[in-house]
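Below is a short note for a colleague who has not looked at this structure before. Please read the numbered points with the sequence and model open.

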Amino acid sequence: MGLSAEAIQTGLDALAAQDDALAAEVARIGYPEPRLRTRGYKTLLRTIVGQQVSVAAASSMWNKLEAELGEDFTPTCLLERDFDTLRACGLSRQKQGYARSLCELVSAGEVNFDDLPTDDEEAIAELTKIKGIGRWSAEIYLLFAEGRGDMWPAGDLAVQEGVKRLLELGERPDEKELRTIGERWRPHRGSMAIFTWHFYANPAL
């Protein structure tokens, strides 16, 4: 599971002790709620299903997929379905390609969600072997499903905007700039990322 509320608080307290501005914002809006996902291939499959569609559309597709495959479906269950069957669940040709890539790699033992590399960069490299899973999706998975405390999804627009406002920057930093900025928050960048989403959703009153 992802970072617990206690782990997030501990990380933010450590950072706030060195940054008066951050401490003031934590005092103003409070600690963020944890974002927890289940470890395993289904969490990434849901990510694929939800790409570039609304939350409601993604939920509808997932419900149809579970109705077709069963709630406890395995990667093999999906691989055994043909194009038209998955299309009836709402999966486009592209989404089917990504879903099959994920299920094929899991079935072949090339991606093992119970034993991903402990090194964060190696784990990201493992996950991005899956078609349709880029660095951002891999980082989000490792933060929310595995609770890796130093994940820093610098490609996330809300994190970029949150850091811009928090640090009162003139422009929103791009991914490369944000990775450099984020170095100051090691080894608690995961807690900081979750706080930036919280901060972004709570503008100054």
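1. On helix α2, the exposed residues Asp20 and Ala27 sit on the face turned away from the buried side. Exposed is over 50% relative accessible area, buried under 20% and partly exposed in between, with a 1.4 Å probe and protein chains only. Helices (H or I, at least four residues) and strands (E, at least two) are DSSP runs, numbered from the N terminus.

2. This is a predicted model, in which local features need pLDDT of at least 70, side-chain atom pairs count only at pLDDT 80 or more, and totals for chains, interfaces and linings use all residues. Residues are numbered from 1 along each chain as its sequence is written, and side-chain values use heavy atoms, with hydrogens and water left out.

3. The buried residues of α2 (residues 20–29) are Leu22, Glu25, Val26 and Ile29. They lie on the same side of α2 because they cover an arc of only 100° around the axis, the arc being that of the directions from the helix axis to the C-beta atoms. An α-helix has 3.6 residues a turn, so residues three or four places apart point the same way. The cover over the buried residues of α2 includes α1 (5–16), α10 (157–167) and α12 (189–200).

4. Both ends of α2 deserve a look. At its start, the backbone nitrogen of alanine 21 has a side-chain oxygen of aspartate 19 within 3.0 Å. Glycine 30, which follows α2, has a positive phi near 85°.

5. The largest pocket has a volume of about 650 Å³. Of its 21 lining residues, Arg37, Thr43, Arg46, Thr47 and Ile140 are the closest to the centre. A pocket is an open set of points on a 1 Å grid over the protein atoms alone, where a 1.4 Å probe fits, with protein on both sides within 12 Å along at least five of seven lines; lining residues have an atom within 4 Å of a point. Volume is the space filled by probe spheres set on the points, which are joined across faces, edges and corners.

6. Helix α3 (41–50), α4 (55–69) and α9 each give at least two residues to the lining of the largest pocket, and α3 has the largest share, seven residues. By type, this lining has 10 nonpolar, six polar and five charged residues. Ala, Val, Leu, Ile, Met, Phe, Trp, Tyr, Cys and Pro count as nonpolar, Asp, Glu, Lys and Arg as charged, and the others, Gly among them, as polar.

7. The second largest pocket has a volume of about 150 Å³. Its lining includes Glu139, Arg179 and Arg189, and divides into three nonpolar, no polar and nine charged residues. The largest share, three residues, comes from α8.

8. Is glutamate 139 buried or exposed? Glutamate 139, in helix α9 (residues 135–144), counts as buried at 2% relative accessibility. Beyond neighbours within four places in sequence, its contacts (heavy atoms within 4.5 Å) are Ile124, Met151, Trp152, Pro153, Ala154 and Arg179.

9. Arginine 189, in α12, is also counted as buried, at 9% relative accessibility. The peptide bond from arginine 186 to proline 187 is cis, with omega near -5°; proline 187 lies in the loop between α11 (175–182) and α12.

10. Glutamine 52, in the loop between α3 and α4, is not a glycine but has a positive phi of about 60°. At 79% relative accessibility, glutamine 52 is exposed.

Note on methods. Polar contact = N/O pair within 3.5 Å; in protein donor to acceptor, adjacent residues only side chain to side chain.
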